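The entries run in the order I looked things up.

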Amino acid sequence: MADDTISARLVEVEALLERSRKRFEEGQKMAEEAHALVADLQQQLIGAPVSLGARDDADDVASKLLASLKAAGSELPPTLCGGRMAVDQVQRLIRIDGHPIAITEMEYRVLELLAFARNNVVTRTMLLKHLYRRSDDQPQPKIIDVFISKLRKKLRMASGGAEFIETIPQRGWILRDLETAAA
């Protein structure tokens, strides 16, 4: 009788493992599709004639992107933002009114994603995925609030009180181009 119970449990475990394997494969496929969509978006945003693989890390992506732009004779856009703020991807600097401001690497990456999506809502999930590529690396989602708060303070101090990042309740954040908003 005990052997029947063990056999039944083994069958259940095997079925569970098979379902898990299928979900994992579906997740991999979705991640590859997402990377392809990001590559298409990069191509549309800055004209990069490059296709990036799902396993590329951020530094490899940047290197490939720069190399492909140079090979194609294209110029990198000087900044991701217009107006008072400039996000320089090559030097990885943020400038307000032409003056660089000191921010951490994680704050830069938050601002970089907000700048890519300028005038569009960026959700907490999008920021978490941008900052922490692996799901096992992800901290508590509230860390995004900390990064946004610190960024706002630094941007406000550097700009004489201007607000660049707007909170959209229950949705996320938007980086606003202040000259566009004033016009």
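**Entry 1. A residue to start from**

Which residues does Ile 148 touch, not counting residues up to four places away in sequence? I listed Val 110, Leu 114, Leu 127, Ile 165 and Trp 173. I note that this is a predicted model. Ile 148 has its place in helix α5. I looked up its accessibility: at 1% relative accessibility, Ile 148 counts as buried. I also checked one distance along the way. Ile 148 and Ile 165 lie 17 residues apart along the chain, and their C-alpha atoms are separated by 8.0 Å.

**Entry 2. The whole chain**

I stepped back for an overview. I counted 6 helices and 5 strands in the protein. Along the sequence I read the pattern α-α-β-β-β-α-α-α-β-β-α. Of the 183 residues, 29% are buried. I then took the contacts with a separation of 6 or more; residues 24 or more positions apart account for 42% of them.

**Entry 3. Helix α5 itself**

Back to α5, which spans residues 143-159 and has 17 residues. From first C-alpha to last, α5 reaches 24 Å, close to the 24 Å expected at 1.5 Å a residue. I listed the buried residues of α5: Ile 144, Phe 147, Ile 148, Leu 151, Arg 152, Leu 155 and Ser 159. They cover an arc of only 135 degrees around the axis, so they sit on the same side of α5. On the face turned away from that buried side I found the exposed residues Lys 153 and Met 157. I also looked just past the end of the helix.

**Entry 4. α3 against α5**

Two packed helices are described by the angle between their axes and the distance between the axes. I looked up both for helix α3, residues 105-116, against α5: an angle of about 85 degrees, with the axes 10 Å apart. α3 and α5 are therefore roughly perpendicular to each other. From α3, the contact is made by Met 106, Glu 107, Val 110, Leu 111 and Leu 114. From α5, I noted Phe 147, Ile 148, Lys 150, Leu 151, Lys 154 and Leu 155. I sorted the contact of α3 with α5 by class and got 8 nonpolar, no polar and 3 charged residues.

**Entry 5. α4 against α5**

At what angle do the axes of α4 and α5 cross? I read roughly 90 degrees for helix α4, residues 124-131, and the two axes come within 10 Å. α4 and α5 are therefore roughly perpendicular to each other. α4 makes the contact with Arg 124, Leu 127, Leu 128 and Leu 131. α5 makes it with Ile 143, Ile 144, Asp 145, Phe 147 and Ile 148. By class, I noted 7 nonpolar, no polar and 2 charged residues for the contact of α4 with α5.

**Entry 6. Arg 109**

Last, I turned to Arg 109, which is found in helix α3. Is Arg 109 buried or exposed? Its relative accessible area is 14%; buried means under 20%, so Arg 109 is buried. Not counting residues up to four places away in sequence, Arg 109 touches Arg 92, His 130, Leu 131 and Arg 133. Arg 109 and Leu 127 are 18 residues apart along the chain, with their C-alpha atoms separated by 8.7 Å.

Methods: Residues numbered from 1 in each chain as written. Predicted model: local features only at pLDDT ≥ 70, side-chain atom pairs only at ≥ 80, totals over all residues. Heavy atoms only, no water. Helix = DSSP H or I, 4+ residues; strand = E, 2+ residues; numbered from the N terminus. Expected span 1.5 Å × (residues − 1). Buried < 20%, exposed > 50% of the residue type's maximum accessible area, 1.4 Å probe, protein only. Arc of directions from axis to C-beta. Axes fitted to C-alpha atoms, helices over the stretch in contact; angles between N-to-C directions. Parallel < 35°, antiparallel > 145°, perpendicular 65-115°, else oblique. Contact = heavy atoms within 4.5 Å. Nonpolar A, V, L, I, M, F, W, Y, C, P; charged D, E, K, R; others polar.
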